Amino acid sequence: MLCGANPTEAHPVVGQKILHALKKGTKLIVIDPRKTYLAARADLWLSVRPGGNIPLLCGMLKVIIEEKLYNKDFINQFTEHFEALERYLATEWSVERIERLSGVPWVFIEQAARLYARAEKALILYGLGVTEHRGGTNGVICLANLTLACGHIGRAGTGIMPLRGQNNVQGACDQGTLPYTYPGYQPLTEDTLAKFEEAWGVKLPRQPGLMEEQMYEEALKGNFKGLYIIGYDVAQTQANIAHVWKALSRMELVVVQDIFFPLTGRFAHVVLPAASMLEKEGTVTNGERRIMRVRAAVSPPPEAWPDWKILCELSKRLGYEICYRSPRDIFEEMRFLMPIYAGASYERLDSSEICWPVPEEDHPGTKILYTNGFPRGKASFGIPRHWPPGEEPDKEYPLILITGRRLYHYNCGSMTTHSDGFLEVCPEECIEINPRDALALGIKDGDLVRIISRRGEIEAKAKLSNRVLPGQTFMAFHFKDRLTNILTSEAVDPKTYTPEYKITAVRIQPL
Amino acid sequence: MEITIDGQKFEVKEGITLLEAAKQKGIYIPSLCHLPGRDPSPRPCGLCIVEIEGEPEPVRACETRVRPGLCVSTNTSRLKEIRRQILETLIGRHYGDCKAPCSAACPGGINVQGYIAHIARGEFLAALNLIKEKNPLPLSVGRVCPRFCEPRCRRVLVDQPIAINALKRFVADWALAHGETIPERLPETGKRVAIIGAGPAGLSAAYYLTLYGHQVTIFEAEEEAGGMLRWAIPNFRLPVEILKHEVQSIINLGVKVKYGKRWGRDFNLKTLFEAGFEAAFLAVGSTKERTLDVEGQEEAIPALKFLKMIKKGQSVRVGERVVIIGGGDAAIDTARVCRRLGAEVTLIYPRSRMEMLAHQREIREAEKEGVTLFLMATPLRITRQGSRLEVEVARTILSEPDERGVRRPIPMPGTQRIFKADTVFSAMGQRADTAFRSYGELEARLKTSPGGQIKANPSTQATNIKGVWAGGDFVSGPRTVIQAVAAGRRAAESINLYLCGTKKTSVFVSPRFNFSRGKRLDEVDVSQYQHIPSRPREAMPERDPELRITDCDEVELGYTPEMAIREAKRCLKCGCLGLHKCDFREVLIKEGVSVTNPLKKPRYEIREDHPFINLDLNKCIRCFKCVRVCDYGGIELDIIDLGEGIEEIHLEFTDKCVSCGSCVDVCPTGALTKKAAVVPRARGEGKKINSVCPYCGTGCNIQIIVKSNAILEITADAQRPPNYGSLCVKGRFGFTFYKSKDRLTKPLLREELDEAFREVSWDEALDFVAARIKKIVHQYGPHTFGVLSSSRCTNEENYLAQKLARAIIGTNNVDNCARV
């Protein structure tokens, strides 16, 4: 079951492997408002209304419970609070409400539920279409509930897997570049802090940290003064960027490290030239928790440095000498402090890739998690409340803008727009509009149109496409000359602060 | 189950095909269409045929499942004959050049097409590194090379050949001005090698031997290195400073040079070996000049002797009128030097201009500078009249052919005339000098040719004495610099193998298996170039002849980067860019089927309309691999039989193509090639670096093929997770950003947002950042500062980023890009 993900464009090799599986007879359910490449080839495409993930998935759970399709043994042995979920679904989710909020006829939801629950093995792959909503966390909880209810976890070919968007975003989280966890997901408890204080020889802060969005909020209030940004073009890729621009402008120091001059550079005091992934040594961790070696193939431009070297030189000037001769030295320290990485060494990684947790040098790594129960004991079913989107289409802004990715570009576009051939196939951002809406608006394919949301407006060429349903439009945000994120919503998931990139109410004017 | 293949018994798994079984057991069965895990080809190549005991007809191994007791022959004469017929049909439909004619013509073996391609893309250092793989003296060779490559250039069929040597000189000059990467040296071996003579051959050998990790000492009789480059070639062609820089860059690698040490006087081979040298390379050149064979010849000054005096900075007076006898490089150089000394110069040569040994270009330059040629003439005697000389000269005619068919110039009676001169030079070339025989007992045993030249194996430069190699002019007689450089490199390779105790594995390279659009230019079908707009070569900027004879500064000024790129873009890219993956050629070599009757003219235009892939149907062998590997229906391929063995191929990329490039990677010839892979290379050439794709979170393994610090191509390992060989358009093609001109290369700083950025040093930038962070932390507290890390960073860098925030700045305000 593929939920809120378009892997043939955003994770093309995953998409290709799914195509191979389809050829071998694997059944595919796609939950997506758009008729993506795989939606068109799925056994069942549930064209969910944007913002309708939670109602839809609750509907599937409701079917599974009512038709007793769940895995009773698994639930009894490994989970708790199933009854609470049963009650919640029975009282909160009528078929009528599910159909209304999800936009999917009940009969399809029934079929999907049966297909998923009755499968011997079923795998859920999900993407930003689940998480980039106000109800993003609860959407993921719904998916987790499904896997637990059917016991589709802990065996090969089952489980639940987020398709991580960027190549080392898993690794970034693993290393604790999150305000609420230390490296290796060690919580900010006194035990953890004591361990790191001993290793690093400094007193560590107790005050909880801010998440990125909170930093901007605080900056606008005058309480946040400086930001050091490494390889992340926030001024282009954040949602509702005008807000971010304002926040950055209020800071006394913004430093960016990047390989090309980023849009964020406009708000920076210092821009530092960095080495690219093709020019540095180290490790990255993919979405399967697979730790892999990155090797320098060529040398960086003469004065560009790998990020680790810049950070070492800076820390020296801040009065804390960290003398690592190479990334290997850093990795050795990480292994010492991170039990989940402890058994991975550069020597081992030279010959093979290893999935964490890998606690010992002779541990083979862990390809499948939870083969024998869960770390916390019993896994708890969550109660996923419905969070409606931050904005719904109305008279003034009658269309929904969904954002996502395109095959021929990647994120802020710095690498693809500077590589040969990519601008030839995909030279600019455009807005995909259903031909029916286009007809009503008097827009032809290729017309330049103005797209207006509550936060701003941009211009782009219209591309008439049946991939988007009537009432919906689609754009990516790979280009610096068509800043889609001027439009995007200000709503965020209240727990993770993930912006609601997927739903923006817009209106379109022909020019 | 047990099966027998070619008499050997093997245990194999049930259900697999014979082809798979043979592959698993390391038995070679040729196949060009087999694609594991995919449908069989609609037109099987038929090469994988085998004979099965008890079956009358051969069967295809790819479609035959193993069964117990199967007894198979893979290589009978009948099978070989069928395969030969199949391959000959394919040969008859194949058109192209395996190797570019320029690269094939270079005595130095330089990948000419490759470095031109680098230059066309502005990758000057990569171009230089590629040149230096074969030639460590590009500054010098780029100025003096007679250019064996340029007359072979196919561009002449459009307008003019590419100015190859000028491009080589350009990158060498560019690196001189902008700095170059120091080549990687292998670990020290502790082995010592003596090189006798610091000319081009000796320097070249020293360069490569040093990079192999050996300790090299050069013994040089003169006080400076360079050989003929230092002592014969005038500064206006090769400035001394340029040569000195080039020599120094080799010495800087760790080469020892002992100047003023003369072989036979200060040491001999025996004393070298006794001193601990394990190998010696003799490269003393050929400096013994031939004398004129006329009365009064003692009045003529040998040209090389004169040139050396000039290069030593001695002041030489030649008077007002100079006569030079000879037609080689030394004659022309002497003439041009004399023009610069203010003399009127007449050059006398017994044959026609086209027969002169000097390069025609140099002859033209000499004439531009006012040198008078007196051709079809020969001196009869030189007589001294007081302080002046008189040269009696007769016109020549050619004799009747002698027994070998050679027509010699002979003086024509009654055509005598007198040339008056203050100085007469003779430039009759050099001859072998066997004086070395008396230098020691080992020397006495060195074998020489009837002409007196020392004998050395042409591919290894080894002499008949163990541990002794010889090369350059010493072996070949007077030749070009690039030939000496090549000899030095060959000797270095051979000495390295000798010292490391390994034998050279012979690489089977033979013109028998090279396709060519035409060995000679007139054999090449010109219709394929008709659509190419004419764009003559970039003229080499040079100083005005009248001005340049007033000094000794360099005549040719070299290209600007813009000129070099424009010139390099004229290259027609003849050599096959699929050579490294060409299974067709491999099968031809393994089956011993030579290219005897290939197509004479192309049937299809090369198509470059796909953004990432080039298509040359003249090389398609109809295996359908591209169609079968495509998961998206991106290729439509139809082959229409026109009868009489003639076929028409139609291949189109459809709008379903996702540009993933899988088709290129499986294509067994150069029919499909990658636009970005512009450097032709042999199979296995280039370093393979395992890494991870820099794009999405799938984290596909990639293999980066690197050569001379440039990425040639990215592929994936079919055996390794998570992608098992698959890649998407970004993974395969999205790497050229690394060399974009828009890369950030200098730290940028401004105090306030309304100011403009200025480029600063790393120290200034980091000091500024550190000071401002300290100020913020001090003034407002650490919780007012934050760090954002990202997926663009490795794990190690992410770890450091949070350590910077927590341990150094003192805040948990650290986050990453996970929400985007």
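Colleague: What makes strand S17 and strand S19 of chain A a pair?

Modeller: Two strands pair if DSSP finds at least two bridges between them. Four bridges join S17 (residues 430-433) to S19 (residues 457-464) in chain A, so they pair. The two run parallel. Ile433(A) has Leu464(A) as its bridge partner in S19(A). Strands (E, at least two residues) and helices (H or I, at least four) are DSSP runs, numbered from the N terminus.

This is a predicted model: local features need pLDDT of at least 70, side-chain atom pairs count only at pLDDT 80 or more, and totals for chains, interfaces and linings use all residues. Residues are numbered from 1 along each chain as its sequence is written, and side-chain values use heavy atoms, without hydrogens and water.

Colleague: Which strand runs antiparallel to S19(A)?

Modeller: S18 (residues 448-453) of chain A, joined to S19(A) by five bridges. Ile451(A) is partnered with Ile458(A) there. A hairpin of three residues links S18(A) to S19(A).

Colleague: How do you know that strands pair between chain A and chain B?

Modeller: S9 (residues 226-230) of chain A and S29 (residues 785-788) of chain B share four bridges, in the parallel sense. In S29(B), Val787(B) is the bridge partner of Tyr228(A).

Colleague: Why is Arg317(A) with Asp767(B) called a salt bridge?

Modeller: The term needs a side-chain nitrogen of Lys or Arg within 4 Å of a carboxyl oxygen of Asp or Glu. Here the closest N and O atoms are 2.6 Å apart, so the pair qualifies. The rule finds nine salt bridges across the interface of chain A and chain B. Helix H15 (residues 307-317) of chain A gives the largest share of the side of chain A that touches chain B, nine residues.

Terms used: Chains are lettered from A and ligands numbered from 1 in the order in which they are written.
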